[in-house]
Every structure is written in C-alpha cells, then in structure tokens.
Amino acid sequence: MKILNLGSLNFDKVYDVPHFVAVGETILSDGYAEFLGGKGLNQTLALARAGAEVYHAGAIGPDGAPFLECLTQSGANAGWIQKIDAVSGHAIIQNAAGQNCIIVCGGANQCISRAYIKQVLGNFGSGDILLLQNEISNVSFAMEEARRRGMQIAFNASPITRELMEYPLELVDYFIINEVEGRALAGVASEEYDRILEGLAEQFPNAAIVLTVGENGVLYYNHGKRLSHGIYAVKAVDTTAAGDTFCGYFLAGLTKGLQMEDILKYASMASAIAVSRQGASTSIPTWEEVIHFEEAHTKEEL
C-alpha cells in the first residue's frame, strides 16, 4: 500500500514571545529560528520516519531545494514535487509557553493545477491512500480524481475555510482532525467531545473519525466501534508538529496492518516525543525512537 501526500511545503519562521501579540500591540521576540515545515511536509516526514512507503507531491519556488533534501534523507520519495516561479510557502509562528499561533502564506502551495494533480495521481491506484490537508489549491479536484482511481482518501481538514465546506467530503475515508476542526465539520456549537463525535458520525457515516482532543488524547469512531487513548506526560516545548506527527503515524499504522488500539498508542507516543522538542520537521521521531519511548514507559509502569 502506497501513500501519496499531496501537501504543503513551508518555511516556518518561529518567534519565541512572552505572549501572543494582541491587536495594536508591538512586542519583542526572545528568540528566532527557521525550520522546514508545512502540514504536508511534516506529515510526509512522520510517515517516512514511521516506515511507510510515502510519496510527496506539491510545489516549491526557486528557494525550495532544502525541502527535496529533507524529504529524501528521511526516506520519502520527492520525485513528483514541481519547481515553479513563485515564492515558496511560509509560516509566521508565535511560540509562547509551549503553545503556538500561526499565520500561513500559501505561495507555491496555491499554484497546484488540476493537470498536475491528474498527472501525479495517474501513478497510483486502488488500495493506495491519498493524504490531503487544506493548505494547497484544487483539493476538491484531487478528492474526485483519487476516488475515480479507487484510492482511499485521508483528510486533515486544516485550516478550516469557507471553501472547505463545499468540498466533496462524502468521499473521505479517514478524517484526522482536532476538536476545533471537528466542531466546524460537524456543525455543532457544543464543546463536548461526545457531541462533536456524534455530529461527525452523522455527517459522514461512511468515514472513520480520528478526533484529537489535546490533553484528553484521541477519540476514534468507525461504524459503531469507538476507542480512545490518553496522552503521555512530557514537558511541552513546541506543539507545532504534534497533530502532523499523529496523522503520519496513524496512517503508517494502517499500512503496517496494526490493530487500531496499537495505531492510536504509537501515534500518541510519537506525538508526545514531538512536543518535547523544538521545531516542526526536526521534532518528528523515527519508529525506533517511538519503540524506545514505549520500552521506557513500560519500565516506569512496572
């Protein structure tokens, strides 16, 4: 089973701040760092480091060579990435006390054409998985083309936009989302996790719902089967790649043929490791690191 991630590639510009800047306020940054990121890149790296056969498709500008090197070194296939005459995507990230606030400039990510999507998807077929986020152009078309080829569709519905609600979401097989995204997709005002999950199941009865709920872990629902898993206690340094790491490890677990209980466990462990490190792409652990984390956690429980 192959996974194609048609996803974003961003330069992450991270500013350490005492608090998130308010309207009309100017504050001084305590530090600055630049990393390779984007939800697409992060999720591909998580997939590759978890041992999945993953291909990345997307677009970069003239300055995008570091993305190709990063993906290749991590074991992902970057051969389908196109180079275009546009600025590469980038994000401005405020990091305060382990939490973050993000502004994204799409750049080349918003220049992905239907012709390009058709060309890339022609190399995949029945049983393969197409992973999408909402940081690129022509997401609807990609969903329709993937389904026409018999591919499974996994969707990380972030960021939530007005256009997203018009996508053919009935084609999605796996929604991998947090509680804010889940509330928007379910169309419910309640912040109760059970109500969000119920709303999602009603809206998308043919899809598996993977709902991450922060400090309360993750909830899973699929055709009457419901599971949950808690988080692992670590000192949070940077939460930027937590959700992306979980997403990649979740899908990698599917390709490994693991039981869903184990998929949720390993994805939660990988996410815990990621939040204990600075940066996005640099924080995502390898499968071996997750296994070592599991062994250490088991010893602590004995």
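In this predicted model, N109 lies in the loop that joins β8 (99–105) to α3 (114–121), where helices (H or I, at least four residues) and strands (E, at least two) are DSSP runs numbered from the N terminus. Because its relative accessibility is 1%, N109 counts as buried, a term that means under 20% relative accessible area, with exposed meaning over 50% and partly exposed lying in between (1.4 Å probe, protein chains only). When neighbours within four places in sequence are left aside, N109 is in contact with G7, S8, L9, N10, A59, G89, E135, I136 and S137, contact being defined as heavy atoms within 4.5 Å. Residues are numbered from 1 along each chain as its sequence is written, and side-chain values use heavy atoms, with hydrogens and water left out. As the model is predicted, local features need pLDDT of at least 70 and side-chain atom pairs count only at pLDDT 80 or more, whereas totals for chains, interfaces and linings use all residues.

The largest nonpolar core holds 52 residues, of which F250 and L251 touch the most other members; such a core is a set of buried Ala, Val, Leu, Ile, Met, Phe, Trp, Tyr and Cys residues joined through side-chain atoms within 4.5 Å. Helix α8 supplies the largest share of this core, namely nine residues. A second, separate core of 43 residues has L4, A146, F155 and L197 among its members. Beyond residues up to four places away in sequence, F250 touches Y174, I176, V210, Y220, M260, I263, L264 and A267.

Helix α8 (residues 260–275) also contains A272, which is buried, with a relative accessible area of 6%. With residues up to four places away in sequence not counted, A272 touches Y232, V234 and F293.

In helix α6 (residues 193–203), the buried residues are I196, L197, G199, L200 and A201, and their cover includes β11 (174–178), α5 (179–186), β12 (208–212), β13 (218–222) and β14 (225–229). The axes of α5 and α6 come within 8 Å and cross at roughly 50°, the axes being lines fitted to C-alpha atoms over the stretch in contact, with angles from 0 to 180 degrees between N-to-C directions. That makes α5 oblique to α6, since angles under 35 degrees count as roughly parallel, over 145 as roughly antiparallel, 65 to 115 as roughly perpendicular and the rest as oblique. Where the two helices meet, E179, G182, R183, L185 and A186 in α5 contact Y193, I196, G199, L200 and Q203 in α6.
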